[in-house]
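These are my notebook entries on a structure that I examined entry by entry. I ask the reader to keep the sequence and the model open while following them.

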Amino acid sequence: MRKIACLGAFACALGVPAAQVTYDRLLHAEQDPGNWLTYWGDYHATRFRNLAQINDRNVHQLRLEWLFQTGGSGAFETVPLVVNGVMYFTTPNTAVEAVDARSGRSLWHYQYRIPKDAKYCCGTLNRGLAILGHKLYFLTPDTRLLAIDTRNGAVLWNVEVASAEGGAYGGTEAPLVVKDKVVLGTAAGDYGIRGFLDAYDAETGKRVWRVWTIPAPGEPGNDTWGGDSWKHGGGATWLTGTYDPELNTVYWPTGNPAPDLYGSIRPGDNLYSDSILALDADTGKLKWYFQFTPHDMWDYDATETPMLLDLPWRGKPRKLLVHADRNGFYYVLDRVTGEFLMAKPFAKVTWAKGIDAKGRPILGPDLSPTSKGTLVCPQCAGATNWMAPSYNPHTRLYYFNVREGCDIFFAKPPVYKEGTSYWSTSIRAQETEHQAGRVTAMDPLTGETKWKFPLYSPPWAGTLATAGNLVFAGDEDGYLMALQADTGKLLWRVNTGNRLVTSPITYEVEGKQYISMPSGGVVLTFGLP
Amino acid sequence: MATGEAIFNSNCAICHGNDGRGARGPSLRGPLRNGNQESDIEAVIRNGLTGTAMPKFRFEDDELQSVVMYIQSWGRGAAPRTKPEGDPVAGKRVYGSQGCAHCHEVGNEGGTLGPSLTRIGAARSYEHMKTSIVDPSADIPDDYRTIRIVTRGGSQYRGVWVNEDSFTIQIRLPDESYASFDKQAIKEEVREPKSMMPAYHLSEMDLKDLLAYLSSLVGEGNQTSEAQRERR
């Protein structure tokens, strides 16, 4: 019988127990492509893996190696972690699984039970785990942070995150381990919460800092909210951020202001909703911010990946942050200073005519939602969303899923009631329009499209780039597909039988490369014969 | 009331009309088939109606209450629905002589190319049914869109669009069989704005009688067609 602890070459060579993930390993995750150590794979969130065993010449032979049935159903949005041959993931029904990454056989199972009286917003969907040492970090739907022992699934500690704040916060995201801290935020921007981002001591679970995304009176930015509207201003932090170790800066995106479609209740820019926050990793101190959609009235959360790229910008090496926003524009920022460098639309946009030299939208005719309905593009769910983009340093292309379409936005006056939804979302697609989607390959320095692969429905799945000149992508109709990275040619596809609402990963165990994708209540894993 | 009206306009009006007088869906003015009490209306909105196009809606309690109040504000006393003037018994004969059963089911009798008419009298307004007979292409239900496909091999197919994704299309043919196509094997694909159903030019009396017969069809819904909708 094989010993699980020795499945991975790394663990065997060093003679350490499985799943010993040091901060140094996280720092160098890009040089360790056989493992998938963070939600984004590494701190920069390029989702590129330097693995080429599966490549554009043989991917047509890709076949199912195993599948794991969680028994759960609903939105399976998790991104598994893979460490030394063991895969860890959360399920749609609040369990955490550890399975042998070669066979899909269970190693341990932990079931979290939400207390009956818990108030939380957003169902039981979850996007995954973080890992450090022997601890997995799991943010539960009712916003508890759990440390779970990687070796047996035992809960080591369980601390409160948001329940003391009242309202109905929700936990959906994978936390981010930064040095000795666990950084995380919450969902529920549409439940009238006041958003925040927290850091916890990774060893003890003690909270180290909290940063509110909506400033209180006396704090800079509070004057961008009329009256008391800041109290229920939203600005949730429901998508995992990224980290630049050299700058010791955490980049975290924030969600829409609340109530979402009814702007007149909250006059002003509504900082720091729909923004990227650049924060000191040790203290949470705000270094800079950039707001994509000031005074948003169409629910354009900025909770899309803040990808970190080091590329020559106009001939000079520069630390960039690139971000395709739900509002339909692709942005390039300098991540040292927050300086706006460029923006370009990547889908049909009507809410703004363009972006000015400082990065602020140029508004056209009034497109505020009304009781009769206002047609606005992109659609409420955005021209893209939280599904992951990827970047391949060999092709120098940025791959992301685009959602094309418009919605009719209706406004209704909302009333805040603690613990219930505080949105004025009423949207409808036009009957005459078929909303579609595509995988787009784009030059991240210019926003120029290199190729497009059309999808029948607007997708909710992300992409993965590999050194095999491949891009893996998923679509709303359940297809996992492999496209040739430089041409966009379809090389392989399989219907997984359920809509895909997360992003594929790849890893390697004992010299064999795998591709893994959750779908429905199942994790499917593929490899070459 | 403003909230209820806004919720109605954005969620309900698409089927029941901007003023609740019915469009594709039935009028909500006058007596309601599933009960006139607020609790009845709430139950229909919350749970949907199995076997019909009426889906479940998830509203917060206060939102639900406000939309129900708005619907109730029209009053239940009067019945301004258009009353069928014709004779349903004669209408059943028209239904038979015109060959409607080739493509439509009532209960388990009839064809399946077109929509089941088992509860059409409850599901559609009188005006909508009338239009559907004299000008079927005016409003084609999503499940019955016409598609014409020419394959690279030169074969031609015309049928009802059933399902589609990035790579394949499934259609239902006039002989009630299914066909599936790989998009790469398709040379030409035309979404016709025309219904598979021909327009019927009936005498005024026959039309009234037929409408009276259709209005009388208020049986249990067809669960199969609903299941198909959910599968997508």
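**Entry 1. Chain B as a whole.** I began with burial in chain B: of its 232 residues, 28% count as buried. I note at once that the model is a predicted one. I then looked up the extent of chain B, and its C-alpha trace spans about 60 × 45 × 25 Å along the principal axes. For secondary structure, I recorded eight helices and seven strands in chain B. I also looked at contacts in chain B with a separation of 6 or more, and 66% of them are accounted for by residues 24 or more positions apart.

**Entry 2. Domains of chain B.** Which domains does the assignment give for chain B? I found domain 1 at 2-72, domain 2 at 88-135 + 200-231, and domain 3 at 142-192. Taken over C-alpha atoms, the centres of domain 1 and domain 2 of chain B are separated by 24 Å. Ten residues from domain 1 of chain B and eleven residues from domain 2 of chain B take part in their contact. I sorted the side of domain 1 of chain B that touches domain 2 of chain B by class, and noted three nonpolar, five polar and two charged residues.

**Entry 3. A helix in chain B.** I next turned to helix α7 of chain B, residues 204-215, which has twelve residues. From its first C-alpha to its last, this helix reaches 16 Å, close to the 16 Å expected at 1.5 Å a residue. I looked for buried positions in α7(B) and listed B:D209, B:L210, B:L211, B:A212, B:Y213, B:L214 and B:S215. Against which helices do the buried residues of α7(B) pack? I found α4 (88-97), α5 (120-123) and α6 (126-134) of chain B.

**Entry 4. Where the chains meet.** I looked up the contact between the chains, which takes 17 residues from chain A and 14 residues from chain B. On the side of chain A that touches chain B, β29 (426-429) and β31 (449-455) of chain A each supply at least two residues. The residues of that side of chain A divide into six nonpolar, five polar and six charged.

**Entry 5. Nonpolar cores.** The largest nonpolar core has 144 residues. Those with the most contacts inside it are A:L129, A:I131, A:V177 and A:V182. I followed A:V182 and, not counting residues up to four places away in sequence, found that it touches A:A130, A:Y137, A:L145, A:P175, A:V177, A:A199, A:Y200 and A:A202.

**Entry 6. A strand residue of chain A.** I selected A:T242, which lies in strand β15 of chain A, residues 242-244. Is A:T242 buried or exposed? I recorded A:T242 as buried, because 26 other C-beta atoms lie within 10 Å. Leaving aside neighbours within four places in sequence, A:T242 is in contact with A:W40, A:Y43, A:H44, A:A45, A:Y251, A:P306, A:M307 and A:L308. I also checked A:F400, 158 residues from A:T242 along the chain, and the C-alpha atoms of the two are separated by 17 Å.

**Entry 7. Backbone details in chain A.** I looked for cis peptide bonds and noted one from A:L271 to A:Y272, with omega near -5°. A:Y272 is placed in the loop between β16 (249-253) and β17 (275-280) of chain A. A cis peptide bond also joins A:C377 and A:P378, with omega about 0°. A:P378 is found in the loop between β25 (374-376) and β26 (390-392) of chain A.

I then examined phi. A:T143 is not a glycine, yet has a positive phi of about 55°. A:T143 lies in the loop between β8 (135-139) and β9 (144-149) of chain A, and counts as buried because it has 27 C-beta neighbours inside 10 Å. A:H295, also not a glycine, has a positive phi of about 45°. The place of A:H295 is in the loop between β18 (286-291) and β19 (307-313) of chain A. With 19 C-beta neighbours inside 10 Å, A:H295 counts as partly exposed.

**Entry 8. Confidence in chain A.** Over residues 1-17 of chain A, pLDDT stays under 50. For residues 1-17 of chain A, the model has 26 contacts beyond four places in sequence. Where pLDDT is low, predicted coordinates should not be read in detail.

Definitions and conventions. Residues numbered from 1 in each chain as written. Chains lettered and ligands numbered in written order. Predicted model: local features only at pLDDT ≥ 70, side-chain atom pairs only at ≥ 80, totals over all residues. Domains from an automatic or database assignment. Contact = placed C-beta atoms within 7 Å. Nonpolar A, V, L, I, M, F, W, Y, C, P; charged D, E, K, R; others polar. Helix = DSSP H or I, 4+ residues; strand = E, 2+ residues; numbered from the N terminus. Buried ≥ 20, exposed ≤ 12 C-beta atoms within 10 Å, placed from the backbone. Core = buried A, V, L, I, M, F, W, Y, C linked by C-beta atoms within 7 Å. pLDDT = per-residue confidence, 0-100. Expected span 1.5 Å × (residues − 1).
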